[in-house]
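I opened this structure for the first time today. These are my notes, in the order I looked things up.

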Amino acid sequence: MCHVIVTCRSMLWTLLSIVAAFGELIAFMSTDWLVGFPRTPDAVFSPHGATTAGEAYRPTLGIYGRCIKLPHLQRGILCGPYAVHFGEIASGFWQATSIFLAAGILLLCAVAFISVFTMCFQSIMKKSIFNVCGLLQGIAGLFLILGLMLYPAGWGSDKVQLYCGPDASPYRAGLCSMGWAFYTAMGGTVLTFVCAVFSAQAEIATSSDKVQEEIEEGKSLICLL
């Protein structure tokens, strides 16, 4: 018989797990990791910024995508991948970042999917599903940290210097500023570790004496604070 067990702590863990997974996924896919120096569509770079008159904008560069404004484009800024193949990503460091972030996000998405079913299933192969998911989230967090640590090492690539100026170098962004995607990835990484720790509380909440008492009373739907 399936017992649906809903507690505040287990539901909060589920919600945070889903938020962490989607936050990391959206950040990874975004082009707003680096925000370039102001320029016009046909600007030429100088040490002082754009030299061509006209309406300035700031292009953005992601791990594998970018947003730029072309002189002949009337509909606005064009966004899309600059790397068609994995080998075309700006630097080896960013390729490694992609691998680590993708591995972490894959684990987080798997946990987010499983977390939805923890109301009905609290164990898998006689192991607490919360503890298993917490372990996976911890591993995912380590992958994400490695990816974020390697990411600034790729700022010295030719691609980044086109957006950030010739002063850009590893761990120095030159004329660029950090975009919202980088901070979202950092926040998602912190939230991932919070979820990994909080999974123990979700396990405690769903296996408490009060839950066992209601199961023994024959209840199939158990809601506790």
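**Entry 1: a bridge pair to begin with.** I started inside a sheet. I looked up Thr60 and found that its bridge partner in E6 is Cys67. The model I am reading is a predicted one. Next I checked how the two strands run. Strand E5, residues 60-61, pairs with E6 in the antiparallel sense, over 2 bridges. I then followed the chain from E5 to E6 and found a hairpin that joins them through 3 residues.

**Entry 2: Cys67.** I stayed with this residue, which lies in strand E6. Is Cys67 buried or exposed? I read a relative accessibility of 9% for Cys67, and buried means under 20%, so Cys67 counts as buried. I listed its contacts, leaving aside neighbours within four places in sequence. Cys67 touches Thr31, Pro59, Thr60, Ile77, Leu78 and Cys79. I also took one distance. Cys67 and Tyr82 are 15 residues apart along the chain, and their C-alpha atoms are separated by 9.3 Å.

**Entry 3: the rest of E6.** I looked at which way the side chains go. In a regular strand the side chains alternate between the two faces of the sheet. In E6, Gly65 and Cys67 point one way, while Arg66 and Ile68 point the other way. I noted that all of them are buried. Then I turned to the other partner strand. Gly65 stands opposite Pro81 of E7.

**Entry 4: the whole sheet.** I wanted the strand order. This is an open sheet of 5 strands, in the order E7-E6-E5-E2-E10, and the pairing is antiparallel. Which strands stand at the edges? They are E7 (78-81) and E10 (177-178). Each has a single partner strand, so one side of each is left without a neighbour in the sheet.

**Entry 5: the overall count.** I found 6 helices and 11 strands. Of its 225 residues, 44% count as buried. I checked the contacts with a separation of 6 or more, and residues 24 or more positions apart account for 66% of them. The accessible surface comes to about 11,700 Å², and carbon and sulfur atoms hold 68% of that.

**Entry 6: the nonpolar cores.** I went to the largest nonpolar core, which has 31 residues. Which members touch the most other members? I wrote down Trp33, Leu34, Trp94, Tyr151 and Val160. Then I asked which elements give two or more residues to this core. They are helix H1 (8-29), helix H2 (92-115), helix H3 (129-150), helix H4 (158-164) and helix H5 (180-206). H2 gives the most, with 5 residues. Beyond its neighbours within four places in sequence, Val160 is in contact with Leu34, Leu61, Trp94, Gly154, Trp155, Gly165 and Ala168. Another core, of 9 residues, lies apart from the largest one. Its members include Ile129, Phe130, Cys133 and Cys195.

**Entry 7: a patch on the outside.** I moved to the surface. Phe113, Val116, Phe117 and Phe121 form a nonpolar patch there. Together they have about 420 Å² of accessible area. I placed Phe113 in helix H2. Its relative accessible area is 56%, and the cut-off for exposed is over 50%, so Phe113 is exposed.

**Entry 8: the loop between H4 and E10.** I finished with two residues. Tyr171 is found in this loop. I saw that Tyr171 has a positive phi of about 65°, although it is not a glycine. At 54% relative accessibility, Tyr171 counts as exposed. Arg172 is found in the loop between H4 and E10 as well. What does Arg172 contact, leaving aside its neighbours within four places in sequence? I found Trp155 and Asp167. The C-alpha atoms of Arg172 and Trp155 are separated by 6.8 Å, with the two residues 17 apart along the chain.

Methods
Residues numbered from 1 in each chain as written. Predicted model: local features only at pLDDT ≥ 70, side-chain atom pairs only at ≥ 80, totals over all residues. Heavy atoms only, no water. Core = buried A, V, L, I, M, F, W, Y, C linked by side-chain atoms within 4.5 Å. Buried < 20%, exposed > 50% of the residue type's maximum accessible area, 1.4 Å probe, protein only. Helix = DSSP H or I, 4+ residues; strand = E, 2+ residues; numbered from the N terminus. Contact = heavy atoms within 4.5 Å. Patch = residues over 30% accessible without salt bridge, like charges linked within 9 Å, V, L, I, M, F, W, Y side chains within 5 Å. Areas by Shrake-Rupley, 256 points an atom, 1.4 Å probe, with all protein chains shown as cover. Salt bridge = Lys/Arg side-chain N within 4 Å of Asp/Glu carboxyl O. Pairing = 2+ DSSP bridges.
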